Amino acid sequence: PYTGPDYERTSSIRKAMLSPAILTYYSKPLLIHQGHMQWLFDERGRRYLDLFGGIVTVSVGHCHPKAVRALEEQAHKLWHTTNIYLHPKIHEYAEKLVAKLPGDLKVVYFVNSGSEANDLAMLMARMYTGRYDVVSLRGAFHGASPYLMGLTAISTWRYQSPTGFGVHQTANPDPFAGPWGGANCRDSPVQTVRSCGCTDGQCHASDMYLDQLDDVLKYSIPKAGLAAFFAESIQGVNGTVQFPKTFLKRAYELVRGKGGLCIADEVQTGFGRTGDHYWGFQGHNVQPDIVTMAKGMGNGFPLAAVVTTPQIAATMGTALHFNTFGGNPMSCAVGSAVLDIIEEENCQSLARDIGGYLLGELAKLRDEFEIVGDVRGKGLMIGIEMVKDKTSRKPLPIGDVNSIWEHCKDMGVLLGKGGLYSNVYRIKPPMCITRSDADFTIAVLKKAIRDHLEKK
Ligand code: PMP
């Protein structure tokens, strides 16, 4: 029989020597030591369908052969010099990347993680506007650096320690679990499968959430004005929360009225994942001033960026900006290959088609089971909110959530989890899954829910 790395030894090293706060999935964590496209393999050679892609990070497939080749070829030429010299890879890649962005978003800064990108975006907005205050949405995850912990407004990820000051939060427009929307909302949010029941194209929930933002701008922001507003296009860590239609567009107008820049965090929603568009913000019909990106950008290789306009970028010229690994030849080679793969293999339309199919089939589970409260998302960015019952919409207790989730894993399907109560299953797989993977997912999830309810 196949034998991979020693499970007991690996697990005891993790327990003894790695941070006890490290996020670990499953009561008996999996030991994953190989991956190929949408598949992961454990030490016994058992195969799992990876529907979470290392938290939305593996965009085109684990060890995609073309990305591996690009890395290999670059590895023989040049690993590193920092950007104090010119090198062809960074320039070739920058040109290709900015071609993907609309309007005047044409200047790119390469960094290594989503947190670094958002930190830099915040600095940029402050330098450009000469103002300090920033606003984010509750439930947002923008990173974990001391500055960003203030912007990240989900308490499970926050430490009791001072965070960057000048950060304000406003209610996130969550049509399912938030105070407005759902049964009381008469417009359809942007989601493909509606959770809200609105029909007349007038979103009253949006108005209420915008009033909240307006209040924050009126009461909390100094007269001098605002530096920036940060928002994801669909909240990822918070459990695939989709905003009501028009919310983001009108929020941008309010923010700009206070002189603030609009920053789109595309760390999870970028690179075609939402199917209809290359960038999630395009689904909201807005044009940000700054866009941050990471995760799927490098298909698992550390790579992130901030893209902005030449005008905003110019104010960063007042001091030197340096990042040792940002834009290194290795990550640029991978990033460039990832852009090609997304085009050549039609990942964006695959995300739209397979994602649309999955959403439709998952919606049937919502209709069949009382504990499946909501199914939402766009493309291959899907959330399944588990509840006690559809009337109260209270979160399904975590023991029940975990029992179904672990059972899926035992049957070979890895799901993510998110939301303040961890009661939303998240499906954000590499954008190479097939229709039969989608059918397998539905069958497994259905069986896991049924078995769980029968046991109860
Ligand atoms: N923004 C979003 C939307 C994220 O989901 C994350 C990470 N989950 C980050 C920023 C931070 O990225 P990183 O972990 O690469 O610092």
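Two strands pair if DSSP finds at least two bridges between them, and strands (E, at least two residues) and helices (H or I, at least four) are DSSP runs, numbered from the N terminus. You're looking at a predicted model, where local features need pLDDT of at least 70, side-chain atom pairs count only at pLDDT 80 or more, and totals for chains, interfaces and linings use all residues. Residue numbers start from 1 along each chain as its sequence is written.

**Stop one: the strands.** Select 39-42 and 47-50, which are E2 and E3, an antiparallel pair with three bridges. Click Phe-41 and you'll find its bridge partner in E3, Arg-47. Four residues lie between the two strands of this hairpin, and Gly-45 in the turn has a positive phi of about 85°.

**Stop two: two helices.** Show H12 (398-410) and H13 (435-455), whose axes come within 9 Å and cross at roughly 135°. Axes are lines fitted to C-alpha atoms over the stretch in contact, with angles from 0 to 180 degrees between N-to-C directions.

**Last stop: the ligand.** Select what's around it: 15 residues, with Ser-113, Gly-114, Ser-115, Gly-143 and Val-267 the closest. A residue is near a molecule if its C-beta atom, placed from the backbone, lies within 6 Å of it. Colour helix H5 (114-129) too, as it gives the most to this shell, three residues.
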